[in-house]
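Hello,

Here is the structure I promised to pass on. Please open it first, then read the notes below.

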Amino acid sequence: MFRSLLLLLAALCAHGAAPFGLAVHGGAGNVTAARIGPEAEKAYRAGLEKALAAGYAILEKGGAALDAVEAAVRSMEENPLFNAGVGATITRDGTHELDAAIMDGRTLKAGSVAGIQHVKSPVGLARLVMERTPHVMLIGEGAEAFARAQGLEPVPNTYFRTPRQWETFLKLKASEKARPTTKDTVGAVALDRHGDLASATSTGGMLDKLPGRVGDAPLIGVGTYADNRTCAVSCTGWGEFFIRAVVAYDVSARMAYQGAPLDKAARAALDAALKLGGEGGLIALDAAGHVTQPFNTPGMFRGFRFSDGRASVALFGEGAL
Ligand code: ASP
């Protein structure tokens, strides 16, 4: 009896000591300090800090990883600097079509939406799909109708437009060399005090995409995945290559089947996609609190914050993992 009490106490202490925390990304792309300038650099850093703080505040209070990733991603959806929510990219036809997904590593429940034109927070809608329908993914008009039925106030498509994205759209339209480009997609992965993992991703998609195009972000197992037994992953990059390499699930599978550590699994899964072509990166977190943030672009906006004191925000090829 006394021995089992001691064991229980030890288990509780060990549990209490496990780190909790989260990592975020604000997209991988051709970004360098010279290209974006000091003002934008400061603003991106502040945007990442804000997203980390939003998620961390929830984890600190004992909240769920699922709530933390949603809060972190919502914070970046509301920030016009990022390609998600306000500030999302513009399709070749001049409209915004947003994709998002969220996944709970404890239950393997997931929700996702694609081609959203009138819902402020696509990640919030993805969560509702997960929790209030028997489905995983809703797209286009059906997803909008579900949002309205849930009481979400529709916004005009121009709600997402920013002068910066409009300028980029006009430039791409005038250019004959334009090709789909990645930039500023957002995502978060979190580990809470209970040992649960979660992941979320939100994006306007590639610059200059065709209307109707769906990227990797809302596809479960591709741009977004979480499983308590392995890891939580959120990807950014040229979605078509990530789809063909099924990147996020590949990270998890390498851990499950090969016993690979998180960083090796993530690097190998990312490399498998990049070998096909394209560019990008990912953030991943495991149940022991290891984090990794590999990418092959000049920059990836990224950061993490953990209860054991590890914290970082980095934009370019420097610094963080
Ligand atoms: N992965 C996103 C997509 O293909 C784009 C990005 O990460 O910037 O839609």
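Helix α9 (residues 262-276) lies across β8, β9 and β10, and runs at about 155° to β9. Bear in mind throughout that this is a predicted model. Helix α8 (residues 247-258) lies across β7, β8 and β9, at about 145° to β8.

The sheet under discussion is open and has four strands, in the order β7-β8-β9-β10. Its pairing is antiparallel. The edges are β7 (224-226) and β10 (291-292), each pairing on one side only. Strands β8 (residues 231-237) and β9 (residues 280-286) pair in the antiparallel sense over seven bridges.

**The eight-stranded sheet**

A second open sheet has eight strands, in the order β4-β3-β2-β6-β5-β1-β11-β12. Here the pairing is mixed. β4 (137-139) and β12 (311-316) are the edge strands, and each pairs on one side only. From one strand to the next, the twist averages 5°.

Within this sheet, β2 (residues 98-104) and β3 (residues 109-116) form an antiparallel pair with six bridges. Alanine 101 stands opposite serine 112 in β3.

Two helices to look at here:

- Helix α2 (residues 33-60) lies across β1 (21-29), β5 (186-191), β11 (299-306) and β12, running at about 150° to β12.
- Helix α4 (residues 122-132) lies across β2, β3, β4 and β6 (197-203), running at about 135° to β3.

**α3 against α4**

Helix α4 also meets α3. The axes of α3 (residues 65-77) and α4 come within 8 Å and cross at roughly 150°. Angles over 145 degrees count as roughly antiparallel, so α3 is roughly antiparallel to α4. On the α3 side, the contact residues include Leu66, Asp67, Glu70 and Val73. On the α4 side, they include Pro122, Val123, Arg127 and Met130.

**The ligand**

Which residues surround the ligand? They are Thr182, Lys183, Thr185, Gly205, Met206, Arg213, Gly215, Asp216, Thr236, Gly237 and Gly239.

A polar side-chain atom of aspartate 216 lies 2.6 Å from a ligand nitrogen atom. Glycine 237 places a backbone N or O atom 2.7 Å from a nitrogen atom of the ligand. For glycine 239, a backbone N or O atom lies 3.0 Å from a ligand oxygen atom. Taken alone, the ligand exposes 270 Å², and the protein buries 100% of that.

Best wishes

Terms used:
Residues are numbered from 1 along each chain as its sequence is written. This is a predicted model: local features need pLDDT of at least 70, side-chain atom pairs count only at pLDDT 80 or more; totals for chains, interfaces and linings use all residues. Side-chain values use heavy atoms; hydrogens and water are left out. Two strands pair if DSSP finds at least two bridges between them. Axes are lines fitted to C-alpha atoms, for helices over the stretch in contact, and angles run from 0 to 180 degrees between N-to-C directions. Contact means heavy atoms within 4.5 Å. A residue is near a molecule or strand if one of its heavy atoms lies within 4 Å of it. A polar contact is a pair of N or O atoms within 3.5 Å; within protein, one must be able to donate a hydrogen and the other to accept it, and residues adjacent in sequence count only if both atoms are side-chain atoms. Accessible areas come from the Shrake-Rupley method with a 1.4 Å probe; for residues, only the protein chains shown count as cover. Angles under 35 degrees count as roughly parallel, over 145 as roughly antiparallel, 65 to 115 as roughly perpendicular and the rest as oblique.
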